[in-house]
Each structure stands twice: as C-alpha cells, then as structure tokens.
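Dear colleague,

Please find below the structure that I am handing over to you. I would be grateful if you read the notes after it with the model open beside them.

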Amino acid sequence: MKKGLTIIEVIIGVLILGMIALLLANILIGTMDLFARKQESQEIFSNAQIILDRLTREIRQGSQVLDISFATDTLGRLTVQLCTGDTRSFSYTLYNGKYYFTVDGDIQAGPIKELRFIGYDFNGTYTTLTSTIRTLSITLVMDNNEKYVTLVSLRAQVQSQVSGVYITEIMYYPSPRDKSGNIQDERDMEFIVIYNGTTYTVNLKDWRVNQTTKISDSSSGTFSLSPQSYAIIGGNASNLSNFYNLPSSYLYLKTQQRGLYRGNSEIPDDKGSIILEDDRQNIIDQVNYSYTWGGYPSGTNYYSLVRKSISAPSNDPSNWRNSPYLNYSTTSPSQVYVYCLLPRLIITEIMYYPPAWDKNGTNRGERNMEFVELYNPTNQTINIQNWSINNNKFNTLVSGTWNIPPNGYVIIGGSGSTLNTSYNLPGTYTYIRTLNSGLGGGTALLPNTSGSVVLKDNNGNIIDQVNYSNTWGGYMIYTANPPNYYYYHYSLERRNIFGISQDPNNWGSSTNLNYYYRIQRRIGLIIYYYHYYSYCTPSSKNSIMP
C-alpha cells in the first residue's frame, strides 16, 4: 500500500490546479470586461438622454429660431429665442480629442460624433429661413455610433391681441334638428367658436362678425374672454345651450341680428368668408373656407369645420377638417348624428412609460402600471359604461361610478392593474379596468416612443384621440452613479383642458412626484441601489395646468 504521492502525481495535481486557476482568471477577466462595457453603454445612453431632454425642453419653450447650421453639417449649431426673451445656443466643442455637446458654451454631455439640425416650416417643408422654422429635426450620434432622431416643435407664436384671438370652429351647415330632435331654423343652429390665445383677458363687447353684426348680448353674463379660453357666438334668436351640449367653460355670446352672415342671412353652405373684427373694426382673424375643407354633411352625419392648430395659417385648407367629436345624436323622429365642439370627455393624462415597481416596492410589471386619465369638461353627467380605449372595452368598476359628473376625473387601467394601491390617489376617485390587460389594444402595452390613445363611446364613436410622441413629454430618464441607478418616469400631461388634443405644445411631462421607492440588491460583495421616481397626477388636476 502506497504512502503519500509520487512526484509525478504531485506535478499532475499542480498542473490541474494551475489550469483551473487560469480558467477562473479568464472567466473573471471576461466578466469584468463585460461589466465595464455595460457600464460604458449605460453611461453613453444616459448622456444621450441628457442631451435630448435639454434640447426638447428648451426648444419647446422657443418662440423663434435665430440661427441654424446647414443641414449637411455633421456637427451643427442652433440658437433659439425663448418665449421669455432669453436666447439659448446649442453647439459643440472639442475637448481631449473628442466632441461634446454645449449649451451657451458650457459642456453638458458627450462625447458625440454627430449633432445635426434641420428646420421645417408650418407645412412641414424644409427651410433655411429662420423666421419660418416651426419644427426642428434633431439627429444625435454618440461616440459608440448609437443614433437618435427626434422632431421638436417650437412654442406657438402669439405676438399681440390682433394675432392672438383665432377662429377655431365654424358650423356653416348645421343639422336641421337640435339635440332634442326638434326642427330649428338653420340660422339659429349656426355658430362660430373663437379662442383667446393671448396671455390677458379680452373684452368682446361690440366686436363684429362678417363686418355687419355686433356682439351685443352675453348669455354668460360677461363679455370678458379669459386667456386660453373659448367663446361661442350665435345669432340673436339662437339658444345654443339647449340645441347643443355646450362645454361648461364656453363663453356664450349673441350678435345683434339673427343670421351670422351678411344681410342677416345664413352662412353659405358651400364656401364663404368668416371675418372677426374688434370694436375698432380691425380685422382680428379671417377664414375663407370651402366645403372641400370639411364641415359638409354626409348622409345623416353633420359636422362643424374645426381648426387643427392655431400655429398654422387661418386660410390653409390642410389646417381644417371635419370635427371628429360626436356632440349629440337623435333617433326620433329621424336619425341624426352631429359632430362639433369639444369632446364630451377628454384625455388629460397618459402614463405610457411607467415604472414596473409600484409605491410599495411590488413589481407589478409595466403593463399593469399604465393608465389613462379622462376628464369631463361639460356641464352634464356622462355615463361611460361600455366605452373603450384603443378598442379595449371598459369592463370593471373598481371604485366610484360609471356616471362621471361635470369636472370629474376617471382613471383607466388594464384588467390586471391595481392602480388604487400602486399610486397615491386622492380621497375619492373613479377607477375602471378594461376587459383586456393592455391599454395599447388587446394585450399590447402603450408604446414607449410614440403611439395613439383613442377614446370611443359605447356606439364606437371617437370621443377624443391623442397621437402622442415621447418628444411631447412623458418619457423615462435613466442615470447611473454606481452603485446607485436612477429611473425617472413621467406621465404625459395635458396643459390646457380646452387646448387642441393633437397639439404637441398642449402636452408636457408631469412635475408632481407621486411616489419614490428604492430597491436594494447584493451582487457578490457589492450592494446596488435602484431608485424609482414616478411623476404623475392620477385622478386630479395636472401639475402643468395653469
């Protein structure tokens, strides 16, 4: 029997141990290299988010482009005048052999390989004339060749009272029947809606419509139109508050004569001019419309002609369309559908990129943390049972009632959501779950970059629609300072209840911190901290509203 190991056995043992040690060393080096590359990739992504966030935030507050580089310049420059009167200059600088993004000459993030700016006018046409630029295309390429492209629009231009009050809707071919099914004179069913885009209250007493009839009566008790508010104008025999479902905030005014057109006549059904003048007979706005722009009936469907954007010209045919919002329908004695005015319910907040972790530290998954908030801007209670978002029917009433009162909110989540315990909600709220789990349609999530939220009533009529983009706001920002990792999630909030749903300037990121939660994990000898911040205002007034 052997006692101990032979020299050959010892050598073989040493060789085996050496090979194991070498293998472990290679694995460790590979792991460290992979970790380093991942850290570098995360740092580059974080820098890209910083650059894009700064550009989109500042440009959306810009009133005019003052200087822009050529579209062919790989590394370009941009100078924007902000609505406050200040200017911002975005460019680049060379530092230690690499290029970095700068704001007013100060380095913000990088390194970068490409920063390209391209300007477009109101019509989406490429232009180098800075005074006509309203939208900017931004191309950013980071040092690792990761490419990001986005579109950002400047703030809507409002220079003065003369150019700051707009005609936004014309009912030139109304239904012969009001919302109760009663026959009415066409002149009494016609109306014009105007919008105060200024920053001050405008007195509309003695303003004129079509250079003949003055505004002389206010059913609302005042002629003062507040900033970012609407007024509806009818003839002296009109009773629009009983003929239509009027939004509660609308200022209802009447003119001296019955007809809103020249010679006390009806507004023409094919083409005509709507002219708005102030009390000194200065033309404030003028629309030379045609039935080809929209607003013309089709069968039993009647539409108002509605403006898409106050930023685009009044006489641009592409800036007008049929109203998509069903105001009322009648079935007796005849069937009529009337589309006009603001929607009966509007989309006010979209959490399309939520954290997966709720306020209690439970991983709910992104699908179950998404929500859409709705608001009732009318003076009537609205029943929303069997309504839908993206064809996903409202199914379960978790809290509150199906009847949404005037100025009431409701939050909509997927079938697997628990919004009432996942977010901090006010004391009383209405919370409804859909039939399926995804608010993006079926079981799909809402897209994190761009997507649509379509609200329909129980008859399948579109009530409101928002085709959002992450350039509007509501995105996620990630930053890292190992061992700490930070995730900032923002809902997309509507700025003005009565602003246009498809106007990017009417949306922005929430500024209200709803909850914060930190998760701690140990990996090997290192403890990592993951910080989740959720900014939103479910079932309450938006943080960015006036």
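Two strands are said to pair if DSSP finds at least two bridges between them. Helices (H or I, at least four residues) and strands (E, at least two) are DSSP runs, numbered from the N terminus. With these terms in hand, consider E33 and E34, which run antiparallel and are joined by six bridges.

Before going further, please note the origin of the model. This is a predicted model, in which local features need pLDDT of at least 70 and side-chain atom pairs count only at pLDDT 80 or more, while totals for chains, interfaces and linings use all residues. Residues are numbered from 1 along each chain as its sequence is written, and side-chain values use heavy atoms, with hydrogens and water left out.

The protein as a whole

The protein contains five helices and 38 strands. Along the principal axes, its C-alpha atoms fill a box of roughly 125 × 55 × 40 Å. Of the 546 residues, 51% are buried; here buried means under 20% relative accessible area, exposed means over 50%, and partly exposed lies in between (1.4 Å probe, protein chains only).

A contact means heavy atoms within 4.5 Å. Among the contacts with a separation of 6 or more, 60% are between residues 24 or more positions apart.

As for charge, the mean positions of the 42 positive and 40 negative charges are 7 Å apart. Lys and Arg count as positive and Asp and Glu as negative, whereas His and the chain ends are not counted. Each charge is placed at NZ of Lys, CZ of Arg, CG of Asp or CD of Glu.

Thr102 stands opposite Ile107 in E5.

Tyr99 belongs to strand E4 and is partly exposed, at a relative accessible area of 33%. Leaving aside neighbours within four places in sequence, Tyr99 is in contact with Leu75, Tyr92, Thr93, Leu94, Pro111 and Ile112. Tyr99 and Met142 are 43 residues apart in sequence, and their C-alpha atoms are 9.7 Å apart in space.

Pro111, one of these partners of Tyr99, is in strand E5. The peptide bond from Gly110 to Pro111 is cis, with omega near 0 degrees.

Which residues does Val152 touch, not counting residues up to four places away in sequence? They are Thr56, Ile59, Arg60, Arg134, Thr135, Leu136 and Ile138. Val152 is found in strand E7 and is buried, with a relative accessible area of 2%. From Val152 to Arg57 the distance is 9.1 Å, C-alpha to C-alpha, although they are 95 residues apart in sequence.

The E33-E34 hairpin and two loop residues

E33 and E34 form a hairpin with two residues between them. Across this pair, the bridge partner of Thr479 is Tyr486 in E34. Pro483 lies in the loop between strand E33 (476-481) and strand E34 (484-490), and a cis peptide bond with omega of about 10 degrees joins Pro482 and Pro483.

Most residues other than glycine have a negative phi, and most peptide bonds are trans. Asn391 has a positive phi, near 65 degrees, and its place is in the loop between strand E26 (388-389) and strand E27 (392-399). Asn391 counts as exposed, because its relative accessibility is 60%. Asn407 also has a positive phi near 65 degrees and lies in the loop between strand E28 (403-404) and strand E29 (409-413). Asn407 is partly exposed, with a relative accessible area of 46%.

With kind regards
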